[in-house]
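Subject: Model for your review

Dear colleague,

Please read the notes with the coordinates open beside them.

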Amino acid sequence: MASAAVTLHGDLGDFIHLDREGAAAHRPGAVVPRPGTVVPLRGAAGERRGAAPERRGAVVGNAAVVHRRFDGHPAVKDLLEALGVPHPEIAAITVNDEPAGFDHRLNDGDRVEAWPATEAAALGLVAVLIAAPEDAADPRFVADAHLGRLAAYLRMLGFDTWYRNDADDDLLAAVTAGERRILLTRDRGLLKRSVVRRGACLRSDRPVEQLIEVTRRFGLVGRWQPFGRCIRCNTLLAQVSRDEVLPRLRPLTRIYYDDFRRCPGCDAIYWKGSHHARMERLVERVRAGVSMPAER
Ligand SMILES: [Zn+2]
């Protein structure tokens, strides 16, 4: 049987750590190998002859190295996804130090390396998927059905975010592909669908932490346009005069506020009241979180 050595750089190693075998490499007191060395996860002494494990590996510096066995000549996408890494998480791949695409066919003894976006950009590596210019200029998202709070936060900050709490995986994948959006989910299986070209597997289950992850990953700092989009239905808000909304306002709101927006989609009225103060606190938390180094 053929095999390849696979190095997962940066936070791509998270996907190995999430698996049971990788967890063993994180045992407290485990010897940390020198960067650049490859250490079998299960020592040779612990293996039965003739029953070589499917995977061996170790965490090496800021990368996880695993050995993967395969039959025939699988595409590198299939090999990486079999290790648990969804393809939208991968920004660049090399095979034997040469840039490679997802459909590159593997041979016995190949050395595969995969990088997430930040590391790939820092090293100037050839991107495995070329983002269209509009993708970078105006990131638009799909939030998985369990990410309602994150969807609200993104809309609050002005980002176009498709969300339905009853959306199933087929619909999420179809909207992501059909509208060229970025899929945000914690479901690795959903991200492995080939129609999903761009996406992120969120590590945290806490909405503010998730917002920090998305902000960092897609460079959203400085592109915030708070008070611009309806949190309920994602429609862009329109400026309206106080007179237009006066009959719908409570007495104190009439007195203290003079900047009003209306949602043409669902008719909700927005003004810079307590909701706005909460939003400003959220922006500050995210700004502080993004400037901290990523948790490893
Ligand atoms: Zn609305």
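**What was found**

Of the 296 residues of the protein chain, 33% count as buried, where buried stands for 20 or more other C-beta atoms within 10 Å of a residue's own, exposed for 12 or fewer and partly exposed for anything in between, with C-beta atoms placed from the backbone. This is a predicted model, in which local features need pLDDT of at least 70 and side-chain atom pairs count only at pLDDT 80 or more, while totals for chains, interfaces and linings use all residues. Residues are numbered from 1 along each chain as its sequence is written.

The secondary structure of the protein chain comprises 12 helices and 13 strands, taken as DSSP runs numbered from the N terminus (helices: H or I, at least four residues; strands: E, at least two). Among contacts between residues at least 6 apart in sequence, 60% join residues at least 24 apart, a contact being a pair of residues whose C-beta atoms, placed from the backbone, lie within 7 Å.

**The cores**

The largest nonpolar core has 27 residues, of which F141, A143, L150, L154, L183 and L184 touch the most other members; such a core is a set of buried Ala, Val, Leu, Ile, Met, Phe, Trp, Tyr and Cys residues joined through C-beta atoms within 7 Å. At least two residues of this core come from each of β7 (141-143), α6, α7 (169-178), β9 (182-185), α8 (188-191), β10 (199-201) and α9, and α6 gives the largest share, 5 residues. Leaving aside residues up to four places away in sequence, F141 touches L154, F159, D160, T161, W162, R181, I182 and L184. A second, separate core of 26 residues includes F15, A64, V85 and A92.

**Helix α6 and its partner α9**

In α6 the buried residues are L150, A151, Y153, L154, R155 and M156, and they pack against β7, β8 (161-162), β9, α9 and α12 (274-291). After α6 comes G158, whose phi is positive, near 100°.

Helix α6 (residues 148-156) packs with helix α9 (residues 207-217) at an angle of about 55°, their axes 9 Å apart, where axes are lines fitted to C-alpha atoms, for helices over the stretch in contact, and angles run from 0 to 180 degrees between N-to-C directions. That makes α6 oblique to α9, since angles under 35 degrees count as roughly parallel, over 145 as roughly antiparallel, 65 to 115 as roughly perpendicular and the rest as oblique. R149, L150 and Y153 in α6 meet P207, Q210 and L211 in α9.

**Helices α9 and α12**

The axes of α9 and α12 come within 9 Å and cross at roughly 60°, which makes α9 oblique to α12. V208, L211, I212, T215 and R216 of α9 make the contact with R285, V286, G289 and V290 of α12.

**Two exposed residues**

V195, in the loop between α8 and β10, is exposed because 10 other C-beta atoms lie within 10 Å. Not counting residues up to four places away in sequence, V195 touches A173 and A177, and its C-alpha atom is separated by 7.8 Å from that of A174, 21 residues apart along the chain. Q239, in strand β11 (residues 238-240), is exposed with 9 other C-beta atoms within 10 Å, and the C-alpha atoms of Q239 and C263, 24 residues apart along the chain, are separated by 9.0 Å.

Best regards
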